[in-house]
There are 2 protein chains.
Amino acid sequence: MTIKSYMQTLGTQAREASRVIAAAKTSLKNQALLAIADALDRDRENLLAANAVDMENGRKNGLDAALLDRLELNPARIDGMIEGLQQVSELPDPIGEITDLQDRPSGIKLGKMRVPLGVVGIIYESRPNVTIDAASLCLKSGNATILRGGSEAIASNQAIASCISCGLQAVGLPENVVQVINTTDRAAVGELITMPEYVDVIVPRGGKGLIERISSDARVPVIKHLDGNCHVYIDDQADLEKAVAIALNAKTHRYGVCNAMESLLVAEPVAAQVLPELAALYAEQAVELRGCDKTCGIIEGVNPATEQDWFEEYLAPILAIKVVAGLDEAIEHINHYSSQHTESIVTENTAHAERFMREVDSSSVMVNASTRFADGFEYGLGAEIGISTDKIHARGPVGLEGLTSQKWVVYGNGQIRQ
Amino acid sequence: MTIKSYMQTLGTQAREASRVIAAAKTSLKNQALLAIADALDRDRENLLAANAVDMENGRKNGLDAALLDRLELNPARIDGMIEGLQQVSELPDPIGEITDLQDRPSGIKLGKMRVPLGVVGIIYESRPNVTIDAASLCLKSGNATILRGGSEAIASNQAIASCISCGLQAVGLPENVVQVINTTDRAAVGELITMPEYVDVIVPRGGKGLIERISSDARVPVIKHLDGNCHVYIDDQADLEKAVAIALNAKTHRYGVCNAMESLLVAEPVAAQVLPELAALYAEQAVELRGCDKTCGIIEGVNPATEQDWFEEYLAPILAIKVVAGLDEAIEHINHYSSQHTESIVTENTAHAERFMREVDSSSVMVNASTRFADGFEYGLGAEIGISTDKIHARGPVGLEGLTSQKWVVYGNGQIRQ
């Protein structure tokens, strides 16, 4: 079988299964999630053995320590997958909800019903637990899924796939509701992202390179999560104690995450007051500072920032700092350099806060809070399939609702158009 | 100037203007709409003269009567554009609305703010009044627009563009909030749909060929409106009086519209009762019937339907009729052959209605109402920029809200992540 015909088979099967899962009752979907959890629990030995094969191959192929760590399954991580499934089973089911009901002058009653997207394709890298995360969110939101994990995790993913299949069959759902691609051939990705007749949306999870490649080649809509060049702006009307706490937390709480601050903007009137204190705290954490001329004039040991620094997502203990005249320049800087992920203003001035909230064009905008809050769990979504830096369809953390759409429903009593 | 650099100039200008219009107050946007209406009113002579040039060229180029009719501006149509602007000025402004406010356990207050998409590209054919429709909806929803009308309407569109520009400047808004492409070179469309750095979404309005071409070449998200192969299903539990009225209205109220019924499905138990009456009524309107074997057995003068007929959007006095066993077969047929636009069930059985509403995967699903109600005005959207047959972002009639997105807003008081 060629890759093309293999993928078309998967697509046809997914489309068929999507009709069944779209119409499935909440209780049945929850039973399926718990049955998959049971299957994982029963199959622990198999899962660890399959993962050992991947780990061994990974070592042979020279994967670095960080990648090997992400690839590893251990009893605690299997527990994590089981807990994740239980948590998703407890989330409210968005499907079938009817909102915005209104009577129209024609006599029809109009509303919107929340429905699944249909078939979701998910493309991800090394971590095998994403297989469960992604499958569970898609299942709960009534979608069929085609999953494509990293080639280095193929054995682990196949073992997880058979648990999923087992759980689906145990409750009488078609196993094709969740399909895991069983080949590491890259051509499979090429097919997956170019069959709009079978796939309604693609969610890539991984590095920027992967996502850009997929977006550029896809013929199916893509929910993109590109980089997080997040900003904190300390306003001239800021409470400087809050400002210091937020600017420290946003940078140093974790470095390798997309909602970490990468650039700090400080209003000129308070720069000389707040920057030395912050510089001392960053020095304690060994954060490298790169500043504009004014910043370099206020604090010592700062490297001059280049134009490129303002665009940078360091994902590292490095911070770019710019002194700005005030709110206008801050908004302008952010709208020019930001990746439109998350930005925060520290201010006690309501009018400044409101302008920042309204005019900064990013998926999350905050007042007096750390950018690190931009996260599906912190936002109460229960879980997230990703964080979208797109504007179309879903923006920011994407939970169950991002995997759904709304259709119009009309209730009449024989009405015809005059 | 090459087309590429011309389009990049338009893109840069649109992106800049989008910041201004996104932050503009409702009252200013409404003043702009009314100022454009005034400019049209003052410029009637110019508009008619410009349109006369297009009409003259159209006749020379052999445009058919239908196209010439769509191209024509006359005093009544100018009145229509002016009224349209007034109506849009009276619509509620969706921008800035904050919903779903909730307190999170971390102490932050979380909500969603409705925001413009940014820059909307609209590509349309002959009717010059679309220039005003599209510009007014984009302006009201806080978006900058780049408009590309049909080459046959270039003089009319340029005349309308100068009224728009005049109105914007009269209230102090940048004229680049609405830009009308001033060349008929096709390469301009190619540029417009492949500059995601300047354009956030493309809305093509026109024939299926245009839309398919644009979707296939675009690198910017496209809100598509493909065909409307709409169905009415007469259930075995239908009130046959309602069924006859709806089936007649859905087919014959207007033929050339996307929400007209193209296929009629009838449950076998009521087929012999309802089809002869319907056939007589269709005969009065000279509607050609194409039926399945069973239909041909019940009524006379019916041509046999081919497989292709079930896929067809006739946009003409032609109707395909199929007798189905019941609800299951009806849903299956629709989900297989429909273009996912609008489908209606006629039934008095609530359980049947609910299954149809839930399981039919189309942008509008109806009970006991004519498919002709699937329309932005009937749905109370005030106006529509199009009807989306996509599932992502906007589905069905797209009004102001479809030209917006929501961003997350977080109000804190110094909160940091623990």
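Predicted model: local features only at pLDDT ≥ 70, side-chain atom pairs only at ≥ 80, totals over all residues.
1. Length of H7(A). Helix H7 of chain A runs over residues 154-170, which is 17 residues. At 1.5 Å a residue the helix should span 24 Å, and because its end C-alpha atoms are 24 Å apart, the model agrees with that expectation.

2. Burial along H7(A). The buried residues of this helix are A:Ile154, A:Ser156, A:Asn157, A:Ala159, A:Ile160, A:Ala161, A:Cys163, A:Ile164, A:Gly167 and A:Leu168.

3. After the helix. A:Gly172, just past H7(A), has a positive phi of about 85°.

4. Sheet of chain B. Four strands form an open sheet in the order S5-S4-S3-S6, and the pairing is parallel. On average, neighbouring strands are turned by 15° against each other, direction ignored.

5. The S3-S4 pair. Strand S3 (residues 119-124) and strand S4 (residues 144-148) of chain B run parallel and are joined by 5 bridges. One of the residues involved is B:Ile123, whose bridge partner in S4(B) is B:Arg148.

6. Helices on the sheet. Helix H1 (residues 3-23) of chain B packs on the sheet and touches S3, S4 and S5, with its direction at about 140° to that of S4(B). Helix H6 (residues 129-140) of chain B also packs there, touching S3, S4, S5 and S6; the angle between its direction and that of S4(B) is about 165°.

Notes: Residues numbered from 1 in each chain as written. Chains lettered and ligands numbered in written order. Helix = DSSP H or I, 4+ residues; strand = E, 2+ residues; numbered from the N terminus. Expected span 1.5 Å × (residues − 1). Buried ≥ 20, exposed ≤ 12 C-beta atoms within 10 Å, placed from the backbone. Pairing = 2+ DSSP bridges. Axes fitted to C-alpha atoms, helices over the stretch in contact; angles between N-to-C directions. Contact = placed C-beta atoms within 7 Å.
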